[in-house]
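This note is meant for a colleague meeting the structure for the first time.

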Amino acid sequence: MFKRPYRKRIYRKKAMILLIQIVNRNLGDQVIADNTQYLVRQALPRLSCQHYVLQHYDIQSEDFALARQADIMIFDGGGLIKYRQEEFHRFVPDLLDLAQECGIPVFFNSVGVEGYDGDDARCVRLAQALNYDCVKGISVRDDLETLRRDYLKPGGSKAFFAVDPAVFTPQAYGIEKDAKASVIGLGVVRHRIFEDYGIPQVTREVQLELWQGIAQRLEELGYTWQLFVNGLRSDYEFALEILRYMGKEAQADRLLAPRPVESSQLVRTIASYQGVIACRMHANIIAYALGISSVGLVWNEKMVFWGERIGCPERFLTSEQFQPQRIVQCLLSSMEQGVAPCSKALKNSVQKPLKQFIRRYGSAAWKNNRSLHLKKPSGFSKRLAAAALGGIGLRYTNMNTPKGLANALENGFTLLEADLRLTNESQQEGTQPRLVCVNGWSKGTLEKLGKDPQQYPKGMDYDTFMKCRMYGSYETMDAVQLFARMREVPGAWRLILDIGKPNKDALAVMIEQFRSLCTQNFDWEAHLLLRLQSKYDVETVQEAGLPVQIMYYIPPKQVREEKKITLDAIGKFCKKRRVTWVSMPKEALDDEVMAYVKKQKLKCCLFSYNRYSDVMRAFAMGVDWVATSYLTVKELEGWYEGAYTIVIR
């Protein structure tokens, strides 16, 4: 007689597509990544798209444990095949070594090629890796001839032309140009870029005169203008310098677009212009995609290639053509002629090979994964914490903003950490300091808030802080707003509060404000943990009877030795005060600490790691929670697919 059937959950690995991108504050690279992601999603088989998961990967992270999980790899695009600037000559071969070892198919999507030198070891190493069997295709946006002739072995057919993926910008972002636009956008680049790329005659002074001349000529013709940048601080600072040179710094709010921190902001800025004169290539490509006439000021041959690709080489001017009147006239002619829509053939040059690669190698990977039975996932939602309420993208961290919190919740986090500090109300008599969400008042934090650190050596007052925007874009938040927002979150979430190292008076004020925040009819003790760094703080908070659990601090070994703090002393104090949680910085993590933590039956939270490799190592060492800014629960748990099966015993 058969026993009663039972159901068993079986986990199979989805086909992971590792999207390898260049991460920096030049948002042109993020536009490439966003457009490539859009094309990848369009290419997934509609009937089985749920069997695939996209994992974003910073090419500079060297997170090889994460890369090993991939079934296929796609380099999103950008100027990757080069060896003189940046470190891609190292990052690209290292990833290809891993892909070759693990048998992971690789595709380069519309990449840039910048020169070759057979006597340069960096270049030779890059060329060797590009010839690996794992590399199934390389689409090139510019110098295909150099790639085929110098980098690849003769007889290969895996390299071909493709347009830059940013031509899909309107579809990827859902943004169209403003038909009523009347402003000319002037896209500025850092002043040293011409010198760095072998054009020393275009000095800072030459550029200041050039931009002033362009602006004056536009004004003479009745046009209004505005400077803008692609996101880099150095570009933005030079734009401010240009305004000072013109004597128009007081009009910066009108004559300089806000520095964008997200790619969609850059796209919207460019979409608001009637025409564009820009140094950054992707400012020109975005304009083209939106149907806006643009003129490029060339500092790199890739811009010349782009002009030829779209049939408008005359719109990309080299240094000997840098005269204000000539540049403006070129723009006016371009605006009169308009922008021909990107042809279907040009779009297919990037879309079709990417789709073919995914359908061939992605489908093969999924069919192979269907036979895999995996262990239960690592429970990332119960072990991974969003540091400082969560980062944004792969760029912005330690911000403690409502936007970061919303992203963290959307990405599956139930463990969150927030930094709380008191404002400085010393300039206003009778005004009480208030708890706000900020990671201290350091120089770095004040610069993120757009303030001069010398003006606020002891922190900001409440009203000033609440008017600030992190990176000029992200709203700030106070403790009242944080607690109100968390009350609305369903489920068994936990919030870790870091109050730093307050003095006795500040701690007393904090305790009273916590008492006020926790008076609502809500089980705060089940949700709140307070990170404290001194015995006095622990004793005082416990005596105050706040509805929180305590998380005591274990310093790095060097600090413990300097202050003559022993692990045994920490353990005895935790036992005496009935503290069950400890926190530590990543510098404190070692086998000795973890052995003692487990011996004392303490739970441990680590701050913080952003590489999957490091997170999994910490888990293996016995860490209970790991805080992160870049990894997300949603992506990591998305690797697994659960299925029920009936087993007859």
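1. The lining of the largest cavity holds three nonpolar residues, no polar ones and four charged ones. Here Ala, Val, Leu, Ile, Met, Phe, Trp, Tyr, Cys and Pro count as nonpolar, Asp, Glu, Lys and Arg as charged, and the others, Gly among them, as polar. The residues concerned are Arg141, Asp142, Asp164, Met281, Lys302, Phe305 and Trp306.

2. The model is predicted: local features need pLDDT of at least 70 and side-chain atom pairs pLDDT 80 or more, while totals for chains, interfaces and linings use all residues. Residues are numbered from 1 along each chain as its sequence is written, and side-chain values use heavy atoms, without hydrogens and water.

3. Spaces are found on a 1 Å grid over the protein atoms alone: in a cavity a 1.4 Å probe fits but cannot get out, whereas a pocket is an open set of points with protein on both sides within 12 Å along at least five of seven lines; lining residues have an atom within 4 Å of a point. Grid points are joined across faces, edges and corners, and a volume is the space filled by probe spheres set on the points.

4. The count is one cavity of 30 Å³ or more, and the largest cavity has a volume of about 30 Å³. Helix H13 (residues 301–309) gives the most to its lining, with three residues. Helices (H or I, at least four residues) and strands (E, at least two) are DSSP runs, numbered from the N terminus.

5. The largest pocket has a volume of about 1,400 Å³. It is lined by 49 residues, of which Gln37, His56, Gly393, Asn411 and Glu635 are the closest to its centre. Which element gives the most to this lining? Strand E3 does, with seven residues. The lining divides into 19 nonpolar, 19 polar and 11 charged residues.

6. Strand E23 (residues 603–607) has four of its five residues buried, that is, under 20% relative accessible area with a 1.4 Å probe, protein chains only. Strands pair if DSSP finds at least two bridges between them. E23 runs parallel to strand E22 (residues 581–585), with five bridges, and pairs in the parallel sense with strand E24 (residues 625–628) over two bridges. Cys605 of E23 stands opposite Ser583 and also opposite Trp625 in E24.

7. Two β-α-β units include E23. E22, helix H24 (residues 591–599) and E23 make a right-handed unit, as do E23, helix H25 (residues 612–621) and E24. Right-handed means that, with the strands pointing away from the viewer, the path from the first strand over the helix to the second runs clockwise.

Note on methods:
Buried < 20%, exposed > 50% of the residue type's maximum accessible area, 1.4 Å probe, protein only.
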